[in-house]
Structures are given as C-alpha cells and as structure tokens.
Amino acid sequence: MPQHAFGAATLLDTKDPMGLRSDAPLLDAWIRDMETDRSPFQIPGHKGRTDLTGAIVDGDIPVLPGNHPHRISPSLILEAESLAASLWGADLCRFGVNGSSGSNHAAVMAVASPGDKVIVSRTLHKSVLVGMVYAGVVPVWIRPEINPATGLPEYLPSSRLRQTLEEHPDAKAVLIGEPSYVGTMSNIPRLAAVTHEFGIPLVVDAAWAAHYGFHPELPNHPLAEGADIVVTSAHKTLPSYSQASFVLVRGEYVDLARFNKMFDSTQTTSMSGRILASIDAARALLQRHGEELIGPVIEATEQGRATLRAAGIDVIDGEYIDPLKLVILLSSCGADGNAVEADLLAANIDVEMANRDIIIPMITFADTPDRIHDLVKRIIASVNEHRGVPRPIEILPAFSIEPEVVVTPRAAFFSGYEVVPAAEAVGRVSAEMICPYPPGVPVLSPGELITEAALSALFEARDMGVRIAFVADPTLQTLKVLPKTQ
C-alpha cells in the first residue's frame, strides 16, 4: 500500500494516493481515462481541453452507454453499486449525483403515492418536503424531544411514533432524519420495530452518517439497525465530490423495482463520471482504512470538547451524540457566534454553521488532530474576546413551531399566490417554504398556517443573523400566501 499518514512518505500516485483502484472499478476507469490521450466526439462539450475555460473541467468525464470496461459505463456503475450494497448489507445500492436531495425525492416517491399519508419527522431537510410535493403525499408531522439544556432536538421517542401510527393506521411509511444536524441520535432499532409492526418501511435521511459503523466508537449505520431505505451524502462526511450521494435499500418492506424507477427519474441522464468515481473511491477507503483514519479524529474531537469545557464554553456531549460532531453552545458565556465566525473568517477558517448561540465546525476524517486542536484554540481565543452576559437557552424556531397543515404541500406548491405585508400574513396559508439555513429545516412550508408564533420565531432568527432561505423576500417584510378563496 502506498504510504499515507500512517508511515514514511513515498512517491504517491496523485490520482490514487491510497492505492484504492484495484478495489474500486469506477475509480480505476476514471484513472485509465485520465491516462489515455483520447479524441472525444461526444459530450461534454469542453472535450477535455483546459486551454479554453481552464483547469475547472480537468477530469470531467461522462458516463458512456454500453459496456466500456475502461470508461465510466452503466455496467461498471452496477459493479460499484453492488460492492457498496455488499459492504453495508443492503439488497440494493444506487449512486446519485444530485446530492441527498435528489435521493430523498426518490425515497418518498418509492414508498407512497398521491394522496397517501406518511409520518414525517419535522427535523428533516427541506428536500424531503420537496419529495412530498413530487409524490403528492400528505404529511403527518411528528417532533422529537427537545433538550431544554441546549434548545436542540434530542431523539424521537418510539412511544410517540407508536401513538402517531395508531392514530394514522393508513400511513404508508415513516420518514426520519438520523443523526440530526447537531449529531443527536434516536434509538433506530426501536423505531424500526414499531414501524414494522404496522407493516410499512422506515426511511432514514442519514445525510450526516456515511461514516457510521466504521469505528467501534461510532453508532451503527442505520441500515444495520433496521432501517429499510437509508439516504446518505457521500460528500458530507466522506472525501467525495460535492453532490455525491448513495442510497441503501432493503427489500422486505420496499418494492426494489419501484425504487429503481423512482431513483432513475430523479437523476440526470448526463451523470458526472468524476462524482460517481469519487463515491466508489470513498467506499473503498472506508472498507480498507475506515477505522484507522477515523480513530485519531474521534480522539482529537473529544479532546477538543474537553478543552472547550475547561475554558467555560459549553458543548453537546453524551452517549447518543455522533463522536465526530462538535457543537459549541455560546448562551452561557454570552458571546455572539456571529462575531466569533467573523474572527474565524478573518483567519480564512470557514465553519459549517454559526449564529448567535451556536457554532458547528464540520469535522470529518479528512481533518487531522493538529487542525482540530488549532481550531479549538482559535475559537476559545475569540470567545474570550466576545464574552458577555449569559443568555437563556432559546429553542431554534425550526425545532419549536408546531405546523398546522391546511392544504397538501403539492396543492400549495402549484397554487397561485398573493404577496402581502408580514403584518397581514398571520392567519393566511403559506405559499412558500421558509427555512433558517442551516440547518434547512422548514419553519413554514407550503400549505401551512402562518401563525404569530411562527412569524415571531422567524423574525427572531433573522435578527440573530441567521440566513432565511427559500423565501422570495429574505427580509420577511412580505410573504407569499395562498389566495383567500383556497
């Protein structure tokens, strides 16, 4: 094996520094293509020339029809997907290039038809709601517990799911997001057992969990805990290209042929061979070296939490937290996370999320202990500069507002609308999705009643410096609402 971080440096193949290509057919095909001087007369239109628009197109190769053993082709994609299915113990795996968003769309359409009910965790990403628009389904929202000490979602009780299913025995599926954006976990085996008692599938948006199951200190992967469809972002916690995702499916409660049909309908027919090869390479890397790569980063992240706590800065911690998730809570020390983020940006350090009360730097096994330790030191120094009067814990609006569905998401999405001042919007039905972003969880969705509580929570989030996304007027001075006749 070529040496990497585990030994003395040697001359590395920059296209395959970890020597993965023998176990990764798409990566091997991509490298072969890059090593061959071709004269392409097919798309993409740049023809591999970097003298026109620059290096931005280097390595961008298409998926070609037919059986091309040394090019990215459908046959090699099937081979790579089969290797991934075997690794995770799935009956089916599909690689996607439209991110977990496109895969979530397919998952919803695979388990429910127009007019069907689905039980949906309100902590799910907005892409699941778009999937419900496509499928024409009726959501029955269910909320996890909120931890009063953090103001963040904690877990979905299986008793609450059972009660909801008893109240809606005609539901066709349960859709949850595990782990949450802040790394908290529910008991998936219990949720799966309850869901299966009612003879329906459990669909898990595990966008942040691609690394799960590959180190003893990590939770099991949701598929190993009883989930039937697991959507995962390869580009979030694995070293894959942006937009890379994969879906793992078990066939006991899911029609695999229907899933394939729905998945194909959500993917471009001009898939990026480079993105697909990056998924294959990440799978091979996890399979070969997952534990040894992840272990030092888990240890460094835990040391970072301890260092932050010793400095008087709160963090989320506990048994049911992703060990690689570092969520920093600022209410108790009075610092403003927006100011801390500004200090980090001045040092060319970007974090995944920052608002007044929370900072979340995204940590993956592509990080190193030294990078993590340096980040923690910089955050502590900045927080110390901005300490103030402690604030009470506030629950983010995405996790606190109870939705009231008036019309289905699909009907509202395709409806006409009126634009009204925010002061006149209370009591009307939203025609648009409104999400503080991140985490991208809707406070209001198309078809839901605009309440005083929802609007006040959105104003507060906006005033805290949170970006308000997917709404026509992000200042929230005006809102789109359904006509009163509807």
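A: Helices (H or I, at least four residues) and strands (E, at least two) are runs assigned by DSSP and numbered from the N terminus. Gly-102, for instance, has its place in helix H3, and that helix covers residues 99–111. This is a predicted model, in which local features need pLDDT of at least 70 and side-chain atom pairs count only at pLDDT 80 or more, while totals for chains, interfaces and linings use all residues. Residues are numbered from 1 along each chain as its sequence is written, and side-chain values use heavy atoms, with hydrogens and water left out.

Q: Why is Gly-102 called buried?
A: A residue is buried under 20% relative accessible area, exposed over 50%, and partly exposed in between (1.4 Å probe, protein chains only). Gly-102 has a relative accessible area of 4%, so it is buried. The C-alpha atoms of Gly-102 and Gly-131 are separated by 8.3 Å, although these residues are 29 positions apart along the chain.

Q: What makes H3 oblique to H4?
A: The two helices, H3 and H4, pack at an angle of about 40°, with their axes 8 Å apart. This angle makes H3 oblique to H4, because angles under 35 degrees count as roughly parallel, over 145 as roughly antiparallel, 65 to 115 as roughly perpendicular, and the rest as oblique. The axes are lines fitted to C-alpha atoms, for helices over the stretch in contact, and angles run from 0 to 180 degrees between N-to-C directions.

Q: How do you know that Asp-28 forms a salt bridge with Arg-21?
A: The term requires a side-chain nitrogen of Lys or Arg within 4 Å of a carboxyl oxygen of Asp or Glu. The closest N and O atoms of Asp-28 and Arg-21 are 2.8 Å apart, so the pair qualifies under that limit. Asp-28 is buried at a relative accessible area of 16%, whereas Arg-21 is partly exposed at 23%. The structure holds 25 salt bridges in all.

Q: Why does the pair of Arg-21 and Glu-35 tie together parts of the chain?
A: Arg-21 also forms a salt bridge with Glu-35, and here the closest N and O atoms are 3.9 Å apart. Arg-21 lies in the segment before helix H1 (25–34), while Glu-35 lies in the loop between H1 and helix H2 (74–88), so the bridge ties together parts that are 14 residues apart in sequence. Glu-35 is exposed, because its relative accessible area is 51%.

Q: What makes the salt bridge of Arg-162 and Glu-197 a link between distant parts of the chain?
A: The side chains of Arg-162 and Glu-197 meet with 2.8 Å from N to O. Arg-162 belongs to helix H5 (residues 158–167) and Glu-197 to helix H6 (residues 188–197), and the two are 35 residues apart. Arg-162 counts as partly exposed at 29% relative accessibility, and Glu-197 as exposed at 53%. Elsewhere, salt bridges that share partners join Arg-21, Asp-28, Arg-32 and Glu-35 into one network.

Q: Why is E3 said to pair with E2?
A: Two strands pair if DSSP finds at least two bridges between them. Strand E2 (residues 117–121) and E3 share five bridges and run in the parallel sense, so they pass that requirement. Within this pairing, Val-120 stands opposite Trp-141 in E3.

Q: What makes E3 largely enclosed by the rest of the structure?
A: Four of the five residues of strand E3 (residues 138–142) are buried, and therefore the strand is largely enclosed.

Q: Why are E1 and E3 called edge strands?
A: Seven strands form an open sheet in the order E1-E9-E8-E7-E6-E2-E3, with mixed pairing. Strand E1 (92–96) and E3 each pair on one side only, and they are the edge strands. The twist averages 20° from one strand to the next. Within the sheet, strand E8 (residues 229–233) and strand E9 (residues 245–249) run antiparallel and are joined by five bridges, with Ile-229 standing opposite Val-249 in E9.

Q: How do you know that Asn-348 is exposed?
A: Its relative accessible area is 71%, so Asn-348 is exposed. Asn-348 lies in the loop between helix H10 (337–346) and strand E12 (353–354), and it has a positive phi of about 60° although it is not a glycine. Lys-47 likewise has a positive phi, near 55°, but Lys-47 is partly exposed at 35%.
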